[in-house]
Protein chains: 2
Amino acid sequence: MELDERKLKILQAIIRNYLETGEPVGSRTISKYTDLNLSSATIRNEMADLEEMGYIIQPHTSAGRIPSDKGYRLYVDTMMEDKVREVDAKMEMVLQKADKVEKVLKQAAKVLATSTQYAAMVTSPRYKGSKIKFIQLSRVDDKQILAVLVTEGNTIKNRIVHVDEPLDEEMMLKLNILLNSSLAGTSVQDINLAMITKLKQQAGIHSDLVAGVVDAVADAIVTDEDVEIYTSGTQNIFKYPELSDHERASEIINLFEEKQPLSDIVRESEAVGDETGIQIYIGSEAPVETMQDCSVVTATYKLEEGVKGTIGIIGPKRMDYENVVSTIKQLMQELDRLYKKD
Amino acid sequence: MELDERKLKILQAIIRNYLETGEPVGSRTISKYTDLNLSSATIRNEMADLEEMGYIIQPHTSAGRIPSDKGYRLYVDTMMEDKVREVDAKMEMVLQKADKVEKVLKQAAKVLATSTQYAAMVTSPRYKGSKIKFIQLSRVDDKQILAVLVTEGNTIKNRIVHVDEPLDEEMMLKLNILLNSSLAGTSVQDINLAMITKLKQQAGIHSDLVAGVVDAVADAIVTDEDVEIYTSGTQNIFKYPELSDHERASEIINLFEEKQPLSDIVRESEAVGDETGIQIYIGSEAPVETMQDCSVVTATYKLEEGVKGTIGIIGPKRMDYENVVSTIKQLMQELDRLYKKD
DNA sequence: GTTAGCACTCAACCAATGGGAGTGCTAATC
DNA sequence: GATTAGCACTCCCATTGGTTGAGTGCTAAC
């Protein structure tokens, strides 16, 4: 069977209507509120076809139809219009620049949640390919060395390295110079085995320590453990009956607290991400099982070269995709505005 | 009217029963399941008295009684027994020592939530009176100085201080020595105006910078902004019908996400805290309005001198207080075990 | 002071009911 | 051949009314 223009129009009308009302939409509604001038009976026939093709679903006999995941997907891919947002009054998406990036991002999530009425999440930025600005080793006590690492984004990481025997001041100074002269200006990806071997040689008797530091440094940058995910507006899920029965709500809340699954989605989306950086997961498309009834829209933000993270929205499949996408786009611009002119 | 022993016994029976079943308890139940050997009619009379005195409440005519906040309070204060926990199988409260304190604490919250089936929260430790181990200033670039500060608990804080003109290496070294010799070993409370003035004098032309650093240091320690609150087991609230209707659940979820209100409670509890460090808030006793239907049990943990935080449980007023208190106590011991033998 | 007995209240459950929205099918119409 | 009117049918859902059971307060007897 073919998906001719009329079917498309009807499908679009069904989806639009369902997004608005949240109720299964019947043939008569379509017949009345479109400019197709077809009787409900005709619509019914077409709807039966659309159902057979898998674009819509009948929750039960004698109910209207609702879009299936496949239907939503078609809509999102081909039928969605680029809604130009009325930037006026409605949204004051003013992000205040704060001393910490984290604060701005939390703010962004909040704005997003409030403005869309869905749940929002945002990851702290990750530093891929970001260069090392400098490394500072300091002696904490006899057995502990503090390694502080500043990357180009002025992100600071620190790690305590244990040593077996105390190091004197002179040695510390030498190691500091050694590390900085070899590593400053390079990005973590570029630290390879040859480099490490060379470093170790230069360190002489303290090669073990250097190895430890290099490990710690690599670990400090690469490690995901401090990729924090903040959420905002979780309670918005209660606005959507299809998500707020006990079981489902409980699952979602857990999801938001555990964060692991969210992080999975983030990873996924960053891997796939197309040129706009916007990614949409509908129901079972998400790599997380408990999200069957949700849709997720993610976008990758970029603060500066190599420093990026993800911001996203989670809501019911019956989501105002147009609005969400345009809102999220606008927010990205806002973030750019804040950080690009540095 | 007086609260004689019989009334107390009846009240206790009512509360015990209600904690177990969650259903309003009637006179016949009490008559049958206590060793008082009184008929239901007598119990009814007593119950009427208890209600008049404000210890119990009748949700509606022809229902049994449930404890009021006042009733719970009496129970918690005078009738609760120190339940000795069967430490065996039931709970494997094994906390794995991890590299970061935060991890252990998150783990603790999780254990607490799982074991009690309520929601748990934990704050990252705060450093009151903790001594400064050392300070390290490093040059990030011409206008930025990185100040790293290590306290006795091996907690590391850092702050970037902006300077108007570049400092040469020698100056940096001098400042480092100056700061460390004056501040290392002192606790933040002890940094007073006289000390700062002296420091400034010694710094000579760089007094502004020193002031900036001292400010930053003080700020870095005192500031609350990085007192993180982690939660775990939020979804447990769905196990208690009295908390899980949409409105209430929504409010609680929000509470847990905003964290501000939680932090208010924490502050409160730390201010009041008695010798055991355990604090119980029943319903309206909590300083947060949206917690009317909850009870909160908090405890102050102490990792080492001056380094402490709060761990707590949030659940329905119908909470198994005995169990919660004993579980939380046990967890505190476990934390002690982990950190005291350092 | 205690208890048995009784009338009363109220929530909760259940079954029956009827309306409404929507469908699929068929036969007539364009 | 596509479209439409008509109709029987299905299923959800809200309403109703009746019943049950747990519990109470009160009174009178023990």
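Which helices of chain A and chain B each supply at least two residues of the surface near DNA strand D? This is a predicted model. In it, helix 3 (40–53) of chain A does so, together with helix 2 (27–33) and helix 3 (40–52) of chain B. Helix 3 of chain B gives the most, with 4 residues. In total, 20 residues surround DNA strand D. The closest are A:Ser39, A:Thr61, A:Ser62, B:Gly26 and B:Ser27. By class, this surface has 6 nonpolar, 11 polar and 3 charged residues.

Now turn to DNA strand C. It is surrounded by 20 residues. A:Gly26, A:Ser27, B:Thr42, B:Thr61 and B:Ser62 are the closest. Helix 2 (27–33) and helix 3 of chain A each supply at least two residues here, as does helix 3 of chain B. The largest share comes from helix 3 of chain A, with 4 residues. The residues near DNA strand C divide into 6 nonpolar, 11 polar and 3 charged.

How are the two protein chains related? Two copies of a chain are related by a rotation about an axis and a shift along it. Here the turn is 180 degrees and the shift along the axis is 0.2 Å. With these, chain B can be laid on chain A with an RMSD of 0.3 Å. That is the relation of a two-fold axis.

The chains also touch each other. In this interface, 23 residues of chain B are in contact with 23 residues of chain A. Helix 9 of chain B gives the most, with 6 residues. The residues on this side of chain B divide into 9 nonpolar, 12 polar and 2 charged. Why can the copies be said to meet through the same surface? Because 100% of the interface residues of chain B are also interface residues in chain A.

Next, look at how chain A is divided. The domain assignment gives domain 1 (5–79), domain 2 (101–124 + 227–340) and domain 3 (132–222). The centres of domain 2 and domain 3 of chain A, taken over C-alpha atoms, are separated by 36 Å.

Then come the nonpolar cores. The largest has 128 residues. Within it, A:Ala108, A:Leu112, B:Ala108, B:Leu112 and B:Ile313 touch the most other members. Take A:Ala108 as an example. Not counting residues up to four places away in sequence, A:Ala108 touches A:Leu95, A:Val122, A:Ile311, A:Leu331 and A:Leu335. Another core, of 37 residues, lies apart from the largest one. Among its members are A:Ile145, A:Leu149, A:Leu175 and A:Leu199.

One last stop is A:Gly283. It lies in the loop between strand 9 (278–282) and strand 10 (294–304) of chain A. Is A:Gly283 buried, exposed or partly exposed? A:Gly283 has 18 other C-beta atoms within 10 Å, so it counts as partly exposed. Leaving aside neighbours within four places in sequence, A:Gly283 is in contact with A:Asp69, A:Gln292, A:Asp293, A:Ser295 and A:Lys317. A:Gly71 is 212 residues apart from A:Gly283 along the chain, and their C-alpha atoms are separated by 11 Å.

Note on methods: Residues numbered from 1 in each chain as written. Chains lettered and ligands numbered in written order. Predicted model: local features only at pLDDT ≥ 70, side-chain atom pairs only at ≥ 80, totals over all residues. Contact = placed C-beta atoms within 7 Å. Nonpolar A, V, L, I, M, F, W, Y, C, P; charged D, E, K, R; others polar. Near = placed C-beta within 6 Å. Least-squares fit on C-alpha atoms with pLDDT ≥ 70 in both. Core = buried A, V, L, I, M, F, W, Y, C linked by C-beta atoms within 7 Å. Buried ≥ 20, exposed ≤ 12 C-beta atoms within 10 Å, placed from the backbone. Domains from an automatic or database assignment.
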